[in-house]
Amino acid sequence: MKDWWKKSVVYQVYPRSFYDSNNDGMGDIKGITLKLDYLKELGIDVIWLSPVFDSPQDDNGYDISDYKRIYHEFGSNEDMYELIEEAHKRDIKILMDLVVNHTSDEHKWFVESKKSKDNPYRDYYIWKDPKDGKEPNNYGSYFSGSAWDYDENTKQYYLHLFSKKQPDLNWENEKVRDEVWDLMKFWMDKGVDGWRLDVISSISKFQDFKDYEVTNPNQKYYIGDYHTNGPRLHEFLKEMNTKVLSKYDCMTVGEAPGSTPQEAKLFTDPDRNELNMIFTFEHMDLDTKQGSINGKWELKDLNLLELKKVFSKWQVQLGDKGWNSLYFANHDQPRIVSRWGNDTVYRKECAKMFATLLHMQKGTPYVYQGEEIGMVNCKFDIKDYNDLEILNAYKHLVKEEKTISEEDFLKAVHIKGRDNARTPMHWDDSKYAGFSKEEPWLKVNSRYKEINVKNDLNSEDSIFKYYQKLIKLRKENDIIVYGDYKLILEEDENIYAYLRTYNDETLLVICNFNEEENTFKLDTNLEYSESKVLISNYNDSPTEFDEIKLRPFESIVYKLKK
Ligand code: NOJ
């Protein structure tokens with residue numbers, strides 16, 4: 001079927017934390033194959049695998065040293081072919097993670113590139129002379145400090161928007177693009193069904209490499225508009241589409257930080273032949289104070305009105321020319337119940353409310369491993385973290401620049417750190433949560449005895465069962481996939497409510513966003529002759545909806561028919 005991805009639900013697997021089949025403390029590909037029946041039971045259609053390619057693992061695989069070989073701790077190429085085959089037997093498709101804004105500095109292209117200025121691979125990366133004895137410009141790295149690193153040997157700097165072990169590829173070079181098309185075909189010919197494209201909005205660079213305006217005398221490096229949406233971005237994606245994607249029945253989702261709905265349309269308007277959908281960051285940035293030297297670690301409370309505005313803008317503006325990806329969680333984001341909800345007393349209600357809010361919108365929903373059982377953030381000491389984003393920021397901001405106190409930084413990490421999402425999956429209540437028999441590469445979250453798959457499979461009102469139901473409803477109700485979206489109760493600070501309409505049907509989605517009781521009062525006229533509760537996170541939600549006293553985090557979806 002064309003556009004099958006519109007009807008699909010995607011499940012993201014972070015391989016090192018999913019399931020360890022050989023008990024070495026590290027998740028692996030065979031572990032994923034062993035859990036396919038679990039995923040089938042959940043009802044998902046597509047797995048997005050975070051990178052499994054050969055890598056020194058500086059950024060847990062987002063630093064690739066060989067695109068055609070599987071990282072040995074995850075298994076072999078044969079294991080990957082088996083996973084694809086077994087997934088396909090169950091009607092599950094596989095997306096791989098295409099990380100081609102940069103490679104690892106241990107990739108043979110970079111090893112060659114570094115050797116001399118006239119090496120045939122020199123131009124695979126972005127090399128520049130020093131400016132006034134310093135970096136070529138004031139671009140900052142997403143992982144703190146400058147985005148440039150100096151090479152003593154050839155007396156030039158190379159660009160790395162991420163860690164210095166992740167040099168940026170030079171997409172201006174046609175040979176680089178041909179290499180990318182080649183590796184994509186390699187995997188697609190093995191049966192891979194598509195790609196999640198890592199920071200794809202950064203592949204085209206502004207060739208003047210201008211400095212950012214200095215807006216703070218204490219700040220040396222900046223991250224902003226020059227980091228994304230460069231002048232040839234869409235030309236490159238069109239080339240990718242013509243040379244590779246158009247030849248396969250596949251799905252693509254681009255990670256596109258810095259994009260507005262207008263830009264999103266450029267990526268996803270079907271007439272433009274680029275990608276199917278992108279990940280926006282706008283809703284995820286709402287709890288960060290913008291413009292701070294401390295970046296994402298400068299916390300701000302979430303304002304529900306802003307969240308409504310952002311979601312609604314994307315829902316309405318992408319309209320028919322484009323498609324949304326719906327997500328609260330992934331390997332870079334903390335657990336949503338801890339971030340914006342209540343992860344203790346109302347953990348279950350809260351997890352189900354967030355799921356309802358997301359899955360009833362128009363677009364393709366993404367479930368990140370553990371989200372379907374309501375996994376929560378962890379509170380580690382700094383020594384227990386693995387993520388280089390956390391560790392680099394700690395070094396630069398807390399220890400060197402002293403722009404944030406240790407206490408405030410740790411508080412922010414406990415809310416926003418990426419390792420919150422990366423702790424091993426909780427399968428049961430045995431030691432190491434059934435993830436492995438050996439000590440895992442990252443500590444297990446201390447709440448695994450209470451929150452685990454085994455408990456959820458055995459309980460009728462579990463979060464897992466709720467996700468299962470939501471996913472099933474999407475398959476049975478075209479309105480969830482195709483219906484138009486309209487926000488209601490726009491100014492209500494506690495309740496997020498919206499309508500979906502399609503043919504003679506309407507969905508009324510009501511979510512109480514906090515732990516107070518809040519009264520919902522319908523502010524619009526709805527025509528219908530039949531109505532029923534489609535799904536709710538309390539088992540006795542009222543059937544009448546003109547006025548409802550909503551309980552903590554209560555969410556209800558009504559289906560109306562004219
Ligand atoms: C985005 C990925 O999701 C993140 O995990 C990674 O660190 C950066 N891109 C760099 O590849």
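Is F18 buried or exposed, and what is its relative accessible area? F18 is buried, with a relative accessible area of 0%. Buried means under 20% relative accessible area, exposed over 50%, and partly exposed in between (1.4 Å probe, protein chains only).

The model is predicted: local features need pLDDT of at least 70, side-chain atom pairs count only at pLDDT 80 or more, and totals for chains, interfaces and linings use all residues. Residues are numbered from 1 along each chain as its sequence is written, and side-chain values use heavy atoms, with hydrogens and water left out.

**View 1. The ring pair of Y11 and F18.** The whole structure holds 47 aromatic pairs. Rings of Phe, Tyr and Trp (its six-membered ring) pair if their centres lie within 6.5 Å; planes under 30 degrees apart are stacked, over 60 edge-to-face, and the rest tilted. Y11 and F18 have ring centres 6.2 Å apart and planes at 65°, so this pair is edge-to-face. Y11 is buried too, at 0% relative accessibility.

**View 2. The ring pair of Y139 and Y212.** The ring centres of Y139 and Y212 are 5.5 Å apart and their planes lie at 50°, so the pair is tilted. Distant parts of the chain are linked here, 73 residues apart. Y139 sits in the loop between β6 (127-128) and β7 (148-151), and Y212 in the loop between β9 (194-197) and α6 (233-243). Helices (H or I, at least four residues) and strands (E, at least two) are DSSP runs, numbered from the N terminus. Y139 is buried at 2% relative accessible area. Y212 is buried at 10%.

**View 3. An aromatic cluster.** Ring pairs join F53, Y67, Y81, W109, Y121, Y124, F186 and W187 into a cluster.

View 4. Around the ligand are 13 residues, of which D59, H102, D198, H331 and D332 come nearest. The shell divides into four nonpolar, two polar and seven charged residues. Ala, Val, Leu, Ile, Met, Phe, Trp, Tyr, Cys and Pro count as nonpolar, Asp, Glu, Lys and Arg as charged, and the others, Gly among them, as polar. A polar side-chain atom of D332 lies 2.4 Å from a ligand oxygen. Taken alone, the ligand exposes 300 Å², and the protein buries 97% of that. Areas come from the Shrake-Rupley method with a 1.4 Å probe; for residues, only the protein chains shown count as cover.

**View 5. The surroundings of D198.** D198 lies in the loop between β9 and α6. At 6% relative accessibility, D198 is buried. Its side chain makes a polar contact with the side chain of R196, at 2.7 Å. A polar contact is a pair of N or O atoms within 3.5 Å; within protein, one must be able to donate a hydrogen and the other to accept it, and residues adjacent in sequence count only if both atoms are side-chain atoms. Beyond neighbours within four places in sequence, D198 is in contact (heavy atoms within 4.5 Å) with Y62, D97, L98, V99, H102 and E255.

**View 6. The surroundings of Y538.** Y538 is in the loop between β18 (530-536) and β19 (547-550). Y538 is buried, at 16% relative accessible area. A polar atom of its side chain lies 2.6 Å from the backbone oxygen of P552.

Technical notes. A residue is near a molecule or strand if one of its heavy atoms lies within 4 Å of it.
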